[in-house]
Amino acid sequence: VVSAIAELSVVGEKNQSLTVVTDAYLKSCETENVYENFNFSELCGVGVSKLTHNAEIPRAELESERLREVLCLTATPKVESTSMNGGVLNISGEIRYNGVASEITEDDGTSYVMLKFSEPFSINVNSDCQNADNLRYEVKVYARGADANIDANNLYASASLEAVALFYDDKTVKVLASSDKVLGGEFSSEGAKITVYYPSKDDTVFDVARKYHTSVAKLASDNMLTEEVIKGENEGGGLGGVKRLIVY
């Protein structure tokens with residue numbers, strides 16, 4: 001849709017009296033529009049939850065029953081399943097512990113062995129989003145501060161877990177991809193007349209509004225007239241200083 005205002009200028013002979021009526025019309029024609037779907041994701045919320053994971057492993061289940069001390073330990077979480085229920089996201093998986101431990105040899109010496117074991121974990125994250133069960137989400141679980149100690153019967157391990165979940169709402173909107181004019185259409189300006197009026201020094205806003213059957217408020221708003229002009233209190237009085245008015 002293109003809107004415009006057309007003005008006509010006339011140059012006359014000296015001392016010739018001219019009356020110029022200038023009109024412009026909003027015109028329209030049919031078009032063929034092509035719309036396409038635009039897909040996007042809106043971030044609805046972020047959920048964070050922390051948990052201290054504790055594991056207790058009997059010595060009999062370890063590769064060596066002669067362990068003396070755990071020297072270092074790391075924890076790596078692996079997410080295996082997720083489920084959303086009532087706005088609460090449950091994340092389940094296992095933590096893989098890896099480390100180095102010392103052990104007593106048969107001759108009462110010391111040697112070092114690799115320590116590996118896995119334990120399950122489960123942690124919940126609140127979404128705080130509306131219609132959370134229908135949202136798409138991305139999950140990351142981090143483990144920090146892994147530690148372990150051993151007594152006569154068991155190995156005790158722990159790690160601090162932090163789960164971060166991003167919740168997205170996938171949306172689709174239609175956008176205008178292209179628009180072509182339909183050739184051969186007839187233009188119609190009915191009901192879309194625009195008048196460009198050039199006021200004289202004695203005209204007032206009320207005179208012009210009455211002449212074109214419109215309101216003072218609309219005429220003032222369409223032409224951004226000041227309060228002084230509307231009241232005739234501007235320099236020159238009336239519409240003095242106003243070169244033209246557009247009457248819709």
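**View 1. Asp203 and its neighbours.** Asp203 touches Tyr197, Gly238 and Leu239, not counting residues up to four places away in sequence; contact means heavy atoms within 4.5 Å. This is a predicted model: local features need pLDDT of at least 70, side-chain atom pairs count only at pLDDT 80 or more, and totals for chains, interfaces and linings use all residues. Residues are numbered from 1 along each chain as its sequence is written, and side-chain values use heavy atoms, with hydrogens and water left out. Asp203 sits in the loop between strand S8 (193-197) and helix H1 (205-211). Helices (H or I, at least four residues) and strands (E, at least two) are DSSP runs, numbered from the N terminus. Its side chain makes a polar contact with the side chain of Tyr197 (2.6 Å).

A polar contact is a pair of N or O atoms within 3.5 Å; within protein, one must be able to donate a hydrogen and the other to accept it, and residues adjacent in sequence count only if both atoms are side-chain atoms.

**View 2. Arg59 and Asp151.** Arg59 is found in the loop between strand S2 (31-58) and strand S3 (67-85). The side chain of Arg59 reaches the backbone oxygen of Asp151 at 2.7 Å. Residues touched by Arg59 include Ser64, Glu65, Ile150 and Asn153.

**View 3. Cys44 and Cys129.** The whole structure has 0 disulfides, a disulfide being a pair of cysteine sulfur atoms within 2.5 Å. Cys44 is in none; the nearest cysteine sulfur, that of Cys129, is 5.4 Å away. Cys44 is partly exposed, at 36% relative accessible area. Buried means under 20%, exposed over 50%, partly exposed in between (1.4 Å probe, protein chains only). Cys129 counts as buried, at 17%.
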